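Hi,

Here's the structure I promised to pass on.

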Amino acid sequence: MLFTIAAVAVMGATLFGSTYTQTQITGQSLDASKMDVDVMDQIRNMGGLQLVMPQAFAETDCGVLENSGRTVHDFQLTGESVTLPIMGGKEYNAMTFSGTVPGPTLRVTQGDVVKMTLTIPADEVTGHGNDMHASQISASAFESVNPGETAQYCYIAEAAGIFKYHCSGVKLIGMDQHVLSGMYGIAIVDPANGYKKLMVEKTSGSGELDRKFYSADALEFQLQYNQLYLTPEGNYDAGAMFKHHNTATVVNGMQFGYVPNMAHNLLVNGDVNKNIFVAQPWNGIEHKQYQSQLLFVENDQHVRLFIENSGNEPVFFHIVGEILDRVTQGNRVQSAATETWLIGGSQNAIVDLVFDEPGAYAAVNHDYAAIYTGAATVFVAGDPFGLNPVLVEKGVIPAPVASYAYALGNPSDAVPPMGKNSIAHPALNIHGLYTDEVASEMQASGDYVALWEVIPVVAEILTS
């Protein structure tokens, strides 16, 4: 066997765009037949020429992995183009995984097998692919799937953390359009040994430092940031994208999707038309699953936020009135007690915190343009509006509650599937950028509250 180093270098330059010059690679060759056996053994032990073969390190055969004894998660998605609403009573032409923006959240434990199946309906206008960042396999697995066809691949979720998945376009062409039109989601890979306890530093009145430890169990939410670049007709505008002139900033697909609605106006102000927040674009009950909802937590409760930036612009994550007690990326703690955390495109962070005082807290992308175009999410901690006595008196709840979630639930699209160290939410209401078909299926399951049916009943009780 005769391996020419020059040939290998030229091939590498061709594949990877190297600027290696001809004068740097001339005239050297390696005759394997004349090499010392010990040297060959050393090369073999180091991985040798197998270093360029991904298959040598990651088993990806579905049949082998399904019979490996590992837990297997069958993650099935469809690629569908639909029309969905945007703020101001308008619509846009969206691309979705399984009829929702973002797509369904996959949650597994480190070391589990993911069996990903993507089906494209025969009447879909274009092909779609699925690039899952939680995998470590050849990019050829993410090849686009034609309408009327199904494709599948498998991988081991080796690394813990949050990982984006997204449409890879049609042979990479139009990937920007597909992703920025809604085809993205996340896979949460829980650490094999679970999450760590949360330590929060406190001080006594004399300034002495104290530490309070919270269980690793936490109430969890997911927030996925992105942008829309649209023409007035609601089509994707590539020219606007190249100029970074976005039409809207969205959290879990919606602008201002987690702000008060008419029910909150009634509870706090006694008037459905008297807004309690500066922007309430999804106020009316006719919006059904799109009606905005608040995020409810208890005071002195460990809260865990899974945050992904699926878009083009950086996210400067900040919660007005709060400090981020811990920030983790890639299962490694990056910071404690910080005010704002920068999350770049296709990057993530797990934020752990405790809301000490009752109140309303806005989680924002602290880019003012992003805040004013939709990236404001309101958490309500405890009972800041003193509603417990009223709700008990009117019979809405039997006894005072630590969070309004016990009366109204939390929005379904902001809550990830249960995993390691998850605290169950008291109730979930149907909320999200879902097609009507998806919302109807959720309602029929009986696992979610349809607030557009409950609110009139509660309103009548409160006003009687």
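How many aromatic pairs does a search of the whole structure find? It turns up 12. Keep in mind as you read that this is a predicted model.

Let me start with one of those pairs, Phe 142 with Tyr 153. Their ring centres are 5.5 Å apart and the planes meet at 70°, so this one is edge-to-face. Phe 142 sits in the loop between strand S8 (131-132) and strand S9 (150-156), while Tyr 153 belongs to S9 itself, so the pair ties together parts 11 residues apart in sequence.

Another pair to look at is Phe 355 with Tyr 361, which is tilted, with 5.1 Å from centre to centre and 55° between the planes. Phe 355 has 0% relative accessibility and counts as buried; Tyr 361, at 9%, is buried as well. These two also belong to a cluster, in which ring pairs link them with Phe 221 and Phe 379.

That brings me to Glu 322, in the loop between strand S18 (315-319) and strand S19 (324-329). For a salt bridge, the nitrogen would have to come within 4 Å of a carboxyl oxygen.

Elsewhere, charges do find partners: the count comes to 10 salt bridges. With Asp 190, the closest N and O atoms are 3.0 Å apart, and the link runs between strand S11 (residues 184-190) and strand S6 (residues 106-109), 83 residues apart. With Glu 220, the closest N and O atoms are 2.7 Å apart; Glu 220 lies in strand S14 (residues 218-228) and Arg 107 in S6, so parts 113 residues apart in sequence are tied together. Asp 190 and Arg 107 are buried, and so is Glu 220.

Then there is Asp 352 with Arg 304, at 3.5 Å between the closest N and O atoms. This one joins strand S22 (residues 347-354) to strand S17 (residues 302-309), 48 residues apart, and both side chains belong to buried residues. The charged end of Arg 304 also sits over the ring of Tyr 195, 4.2 Å from its centre. A network of salt bridges links Arg 107, Asp 190, Glu 220, Arg 304, Arg 326 and Asp 352.

Last, helix H6 (residues 262-269). It is mostly covered, with 6 of its 8 residues buried: Met 262, Ala 263, His 264, Asn 265, Leu 266 and Leu 267. The cover includes strand S16 (295-297) and the helices H8 (388-393), H9 (405-408) and H11 (451-463). At the start of H6, a side-chain oxygen of Asn 261 comes within 2.7 Å of the backbone nitrogen of Ala 263. Just after the helix, Gly 270 takes a positive phi of about 75°.

Cheers

Technical notes:
Residues are numbered from 1 along each chain as its sequence is written. This is a predicted model: local features need pLDDT of at least 70, side-chain atom pairs count only at pLDDT 80 or more; totals for chains, interfaces and linings use all residues. Side-chain values use heavy atoms; hydrogens and water are left out. Rings of Phe, Tyr and Trp (its six-membered ring) pair if their centres lie within 6.5 Å; planes under 30 degrees apart count as stacked, over 60 as edge-to-face and the rest as tilted. Helices (H or I, at least four residues) and strands (E, at least two) are DSSP runs, numbered from the N terminus. Buried means under 20% relative accessible area, exposed over 50%, partly exposed in between (1.4 Å probe, protein chains only). A charge sits over a ring if NZ of Lys or CZ of Arg is within 6 Å of the ring centre and within 35 degrees of the ring normal. Contact means heavy atoms within 4.5 Å. A polar contact is a pair of N or O atoms within 3.5 Å; within protein, one must be able to donate a hydrogen and the other to accept it, and residues adjacent in sequence count only if both atoms are side-chain atoms. A salt bridge is a side-chain nitrogen of Lys or Arg within 4 Å of a carboxyl oxygen of Asp or Glu.
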